[in-house]
Amino acid sequence: MSDTIAFRLNGQPVQLNVDQDRTLLWVLRTDLGLTGTKYGCGESHCGSCTVLVNDRAMRSCALTVKEVQDKEVVTIEGLAKDGSLHPLQQAFMAHDALQCGFCTPGMILTAVSLLRSNPQPSREQIIRGMEDNFCRCGAHTRIIDAVQTAAAAMKGVR
Ligand code: FES
Ligand code: FES
């Protein structure tokens with residue numbers, strides 16, 4: 001059933017007339033053109049569709065758009081500020097923490113959420129926090145290195 005759904009997306013108010021039971025993933029990609037959010041499994045397993053909802057990493061393939069009514073959604077397109085990449089984006093580049101890049105938006109947004117809840121994680125805590133996001137290219141070691149570098153660069157700033 002179509003309805004009006006309003007939420008904030010990357011800092012801007014958004015109002016859409018959509019079937020409220022569609023997934024946030026496909027509304028972002030097809031209605032709003034934000035293709036940085038990737039479709040991997042569609043079943044909440046791989047993490048490639050991860051976005052932030054009220055600062056928490058969530059799988060947009062497992063959320064209906066009505067579930068983000070009145071919430072704050074951030075996608076990879078909204079992470080850079082004033083023309084500067086987020087420290088996690090910078091660290092992923094510095095460590096070459098990607099190959100094809102398909103998992104990267106979900107990895108980075110999962111790491112943002114991790115560092116917000118635990119700004120100075122141990123390496124073990126980073127591994128545990130990132131292990132449910134899959135990288136088919138096998139870049140996990142460099143991804144963990146990048147998150148560790150970003151945590152140090154951010155010095156506990158959330
Ligand atoms: S596409 Fe959402 S978890 Fe895989
Ligand atoms: S860089 Fe290709 S899936 Fe992770």
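In the predicted model, Asn-10 lies in the loop that joins strand β1 (2–9) to strand β2 (12–19). Although Asn-10 is not a glycine, its phi is positive, at about 50°. The residue is classed as partly exposed because 18 other C-beta atoms lie within 10 Å, a count between the limits of 12 for exposed and 20 for buried residues. A positive phi is also found at Asp-82, a residue other than glycine, where the value is near 50°. Asp-82 is placed in the loop between β5 (72–74) and α2. With 4 other C-beta atoms within 10 Å, Asp-82 is exposed.

Strand β1 also contains Thr-4. This residue counts as exposed, since it has 10 C-beta neighbours inside 10 Å. When residues up to four places away in sequence are left out, Thr-4 touches Gln-15 and Asn-17. The C-alpha atoms of Thr-4 and Val-18 are 6.5 Å apart, with a separation of 14 residues along the chain.

Helix α3 spans residues 104–117 and has 14 residues. From its first C-alpha to its last, α3 reaches 20 Å, close to the 20 Å expected at 1.5 Å a residue. Of the 14 residues of α3, 12 are buried, so the helix is largely enclosed by the rest of the structure. The buried residues of α3 are Thr-104, Pro-105, Gly-106, Met-107, Ile-108, Leu-109, Thr-110, Ala-111, Val-112, Ser-113, Leu-114 and Leu-115. The elements that cover them include strands β3 (50–53) and β4 (56–59), together with helices α2 (87–94), α4 and α5.

Thr-110 is situated in α3. It counts as buried because it has 26 C-beta neighbours inside 10 Å, where 20 or more are required. Leaving aside residues up to four places away in sequence, Thr-110 touches Gly-47, Thr-50, Ala-57, Met-130 and Asn-133. A distance of 15 Å separates the C-alpha atoms of Thr-110 and Gln-120, which are 10 residues apart along the chain.

The packing of α2 against α3 brings their axes within 10 Å, at a crossing angle of roughly 130°. The crossing of α2 and α3 is right-handed. On the α2 side the contact involves Leu-88, Gln-89 and Phe-92, which meet Thr-104, Ile-108, Ala-111 and Val-112 of α3. By class, 5 residues of this contact are nonpolar and 2 are polar, and none is charged.

Helix α3 also packs against α5, with the axes coming within 11 Å and crossing at roughly 45°. Helices α3 and α5 are therefore oblique to each other. Their crossing is right-handed. Met-107, Ala-111 and Leu-115 of α3 meet Ile-143, Val-147, Ala-150, Ala-151 and Met-154 of α5. The residues of this contact comprise 8 nonpolar ones, with no polar and no charged members.

Helix α4 passes α5 in a right-handed crossing. Arg-123, Ile-126, Ile-127 and Met-130 in α4 make the contact with Ile-143, Ile-144, Val-147 and Gln-148 in α5. This contact consists of 6 nonpolar residues, 1 polar residue and 1 charged residue.

How values were computed. Residues are numbered from 1 along each chain as its sequence is written. Chains are lettered from A and ligands numbered from 1 in the order in which they are written. This is a predicted model: local features need pLDDT of at least 70, side-chain atom pairs count only at pLDDT 80 or more; totals for chains, interfaces and linings use all residues. A crossing is left-handed if the near helix is turned anticlockwise from the far one by less than a right angle, and right-handed if clockwise. Helices (H or I, at least four residues) and strands (E, at least two) are DSSP runs, numbered from the N terminus. Two residues are in contact if their C-beta atoms, placed from the backbone, lie within 7 Å. Ala, Val, Leu, Ile, Met, Phe, Trp, Tyr, Cys and Pro count as nonpolar, Asp, Glu, Lys and Arg as charged, and the others, Gly among them, as polar. The expected span of a helix is 1.5 Å times one less than its number of residues. Axes are lines fitted to C-alpha atoms, for helices over the stretch in contact, and angles run from 0 to 180 degrees between N-to-C directions. Angles under 35 degrees count as roughly parallel, over 145 as roughly antiparallel, 65 to 115 as roughly perpendicular and the rest as oblique.
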